[in-house]
Amino acid sequence: MRPRKIMVAAVTVATVTATLVGCGGSGGTGGSSGKPQAGGDLVMARADEATSLLPSVPTDNSAIWIIEEIYDTLTVPSQDGETVEPSLATSWKQSKDKLSWTFTLRKGATFTNGDPVTSADVKFSIEQNQDPSAPFSFIDSIITKMDTPADNTIVFHTKKPWSPIPADMALYANSIVPKDYGGMSAEEFAKKPIGSGPFKFESWTRGSSLKIVKNPDHWNKEVPLLDSVTFTVVPDSNTRATQLASGQIQINEYPAYSSVKTLKNQPNAKVTAFPSSEVDYLGMNNSRKPFDDVNVRKAISQAIDKEAINKAVLYGHGKIAGAYLSPVTWAHNDEIEAPAYDLAAARAALAESKVPDGFTTTLTVPSGDQDLASQAQLVQDSLGKIGIKVTIKKLDPAALVTAKKAGNYDMAFGLYTTDIVDPDEIARFAGSYTGGVHAVYTWFKDPRMDKLAATASSEPKQSTRKAAYDEMQEIVADEVPFIPLFYAPGTYSYSTKVNEFHPGGTGNYFLKNVWLSK
Amino acid sequence: MGRWLIRRLLLAIPVVWGVVTISFVLMHLAPGDPAATALGEKASPEAVAALRHLWGLDQSLPEQYWSYLGQIVRGDLGDSLYFRASITSLMVQRLPVTLALIVMSAVIASLISVPLASRSAANVNGPVTQAVRMFNAVIQGAPTFFVGSMLILFLGVRIALFPAGGYPDGVVQRAWALVLPALTIALSIVPLLVRGLRAAMIEALGSEYVSFARSKGLSDTAVNRRYVLRNAGISGVSILGIQVGALASGALVVEQVFAIPGMGSMLMTGILNRDYALVQACTLVFGLLVVVVYLATDLVYARLDPRARLS
């Protein structure tokens with residue numbers, strides 16, 4: 001080798017070595033504070049692309065959380081996710097006969113095309129979500145009629161007394177759009193959405209990025225502080241993390257749990273877990289033997305070492321779940337504790353069942369989800385200790401949903417989140433046979449659950465409602481149709497330049513409050 | 001040549017029909033309902049049924065197949081169930097990105113392979129050959145997503161020469177953003193290309209026409225350019241042409257890793273969401289791409305090697 005080439009080779013080796021050493025990273029987290037500053041473009045990278053910005057159409061969070069920034073709803077979830085606050089409606093009242101709700105609209109609110117927001121727009125918007133083909137039509141199906149006695153007054157008549165209406169009106173699918181889509185067809189409107197929210201739609205390059213900009217005419221003149229927000233689609237979590245490290249983006253949505261420790265060590269970035277309504281569970285098909293036997297379900301519940309799973313898979317970020325309603329909701333029953341990991345008690349429960357010596361079964365997990373695959377192996381190991389032989393079966397996500405809907409599975413993991421701050425939706429969805437998916441595909445049927453849910457939604461008094469929800473949670477804890485495993489937080493890593501970023505319990509970003517340090 | 005071309009184009013029709021039919025059957029046989037997936041778990045059965053009807057999924061399989069074939073013949077790719085947009089409009093945005101990526105990958109692969117192969121061929125058992133062998137073994141063993149992630153880490157974050165993924169606005173910025181993903185794909189076919197080119201070059205170097213050229217007093221550079229590379233290039237073009245499938249499937253992984261909004265990432269989204277129309281359309285376009293490249297390879301081959309007759 002000639003001297004010049006040796007030099008080049010040496011420099012190359014030195015550079016690569018330095019780069020490798022440098023990748024260890026150092027430093028710590030840090031926050032910036034001070035006086036809020038206006039301006040700047042915030043770039044947030046997310047794993048998935050939004051499907052549609054027409055409020056009544058999508059069900060994916062990627063679309064929902066943008067919709068919440070460009071449209072207003074009558075009410076809005078509070079930051080803690082426990083109640084609702086005024087938004088386009090300044091006040092609301094239930095009638096004396098409890099069969100209607102009157103909402104008074106804010107004066108001076110306008111759409112981004114300059115038109116005022118009126119009760120006629122509200123009526124039109126809710127009607128769109130009442131269409132039977134709309135995924136969230138079940139939320140508004142309780143409304144029988146809408147009256148618009150004045151431009152700033154809308155009256156919702158309900159089939160029966162219905163307490164969750166103020167919370168229902170904070171649902172993204174009930175976002176207010178201009179009547180008749182401002183003279184456009186739904187397809188045209190979807191391409192150029194018009195709302196009255198703090199941000200307005202700017203552009204959307206499918207598969208790449210979606211940009212929203214500050215709405216200077218928003219009724220709340222204090223917000224937003226940012227000039228614009230760009231949502232980019234970055235499916236790979238490693239790439240999102242490296243983009244944050246290189247300063248290309250400011251917020252990385254849902255970093256992998258396994259990467260949180262490394263991300264925390266990155267200079268100029270912080271990682272925060274925000275309270276979310278997500279509950280992770282292990283579902284059992286109660287319509288199949290031997291899961292129709294409560295002793296079998298109890299045995300499984302006691303044989304699973306949730307602490308170990310939380311440590312190994314969620315890196316300690318989850319909170320061990322007791323009651324099936326998340327602590328984010330006011331209806332959460334904090335007296336219910338998770339059954340302790342106790343193999344002796346699990347064996348004793350199994351001994352009382354129809355299969356005292358154990359059995360062979362399957363646990364279906366979505367392919368491509370490494371966290372759930374690891375979780376399944378830990379469950380497999382635990383259950384093996386009490387004589388339950390588990391085979392792990394992988395199905396791709398769409399096929400797994402179909403299998404669950406058809407009841408064609410033994411055990412499977414799942415998660416649920418609430419879309420409204422009232423407990424009604426999730427209490428039914430997860431606990432009731434008639435709640436939409438047969439108690440999260442467990443086919444658990446207990447008429448007491450339906451009766452209690454009906455009482456809870458009709459009663460105006462919060463204490464009476466709470467008592468009913470407490471009892472529902474006790475029934476699920478006793479009957480164990482599924483095993484709540486963890487209350488999972490919403491995790492974000494973001495630049496230390498990002499201030500006041502606090503996603504709410506239902507997932508809303510509340511970007512209007514966010515500002516960037518210069 | 002005209003007759004040859006027409007015959008090849010006619011032969012492409014059953015190939016494309018086969019691709020369309022196989023992708024249709026496979027997608028529809030796979031479990032998973034696009035309407036249920038699109039509407040989410042909380043949608044009522046009525047909502048799912050209404051959407052299935054709207055999308056024509058409540059028709060029998062032969063009816064759906066027949067209507068799909070009719071659409072294809074009319075040049076209509078249909079609407080994406082997941083993106084709720086016309087597939088043609090999605091393709092207009094995505095196809096150029098993937099084509100640019102594939103072309104850039106092929107160019108980078110050639111730029112890396114030709115010098116490596118010629119240095120290694122000129123010095124059969126020397127240190128360069130050993131180094132190239134080692135490089136080939138390492139690169140061939142490393143999965144594409146790993147190579148991509150490493151490139152992002154070093155060239156995107158540490159040295160910050162290229163963006164760490166993403167597809168910005170502006171032609172120059174976009175070309176720059178495509179370098180790392182194209183390099184990742186290129187590296188996946190470099191070992192094969194180097195081996196093929198090297199073997200062809202060694203053969204050429206030992207041939208009589210090269211000895212004759214040398215005896216005429218031509219310089220090494222001139223011999224290499226005029227005789228060795230030209231003859232070895234024929235083999236290179238063939239390998240590159242055959243590798244177009246690998247380039248396209250490389251795009252599938254690399255577009256996910258680098259967040260490039262091309263056909264590959266769209267196809268992945270389509271598969272995961274059981275977006276029948278989208279997957280079928282992407283498969284069709286990839287199928288057409290392979291057919292066209294094979295055709296182009298044959299044409300270039302004939303141009304480089306007068307012995308190959310197009311008949």
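The buried residues of H4(B), where buried means under 20% relative accessible area with a 1.4 Å probe and protein chains only, are covered by elements that include helix H1 (2–29) and helix H13 (276–304) of chain B. This is a predicted model, in which local features need pLDDT of at least 70, side-chain atom pairs count only at pLDDT 80 or more, and totals for chains, interfaces and linings use all residues. Residues are numbered from 1 along each chain as its sequence is written, chains are lettered from A and ligands numbered from 1 in the order in which they are written, and side-chain values use heavy atoms, with hydrogens and water left out.

**Helix H4 of chain B**
- Gln64(B), Tyr65(B), Tyr68(B), Leu69(B) and Ile72(B) are the buried residues in H4(B).
- Seen down the helix axis, the buried residues of H4(B) fall within an arc of 135° (taken from the directions from the axis to the C-beta atoms), so they line one face of the helix.
- Turned away from that buried side is a face of H4(B) with the exposed residues Pro62(B), Trp66(B) and Val73(B), where exposed means over 50% relative accessible area.
- After H4(B) comes Gly75(B), which has a positive phi, near 80°.

**The sheet of chain A**
- Four strands form an open sheet with antiparallel pairing, in the order E4-E5-E7-E6 (chain A), and two strands pair if DSSP finds at least two bridges between them.
- Strand E4 (89–94) and strand E6 (143–150) of chain A stand at the edges with a single partner strand each, so one side of each has no neighbour in the sheet.
- Five bridges join E4(A) to the antiparallel strand E5 (residues 100–105) of chain A, and Ser91(A) stands opposite Thr104(A) in E5(A).

Methods: Helices (H or I, at least four residues) and strands (E, at least two) are DSSP runs, numbered from the N terminus. Contact means heavy atoms within 4.5 Å.
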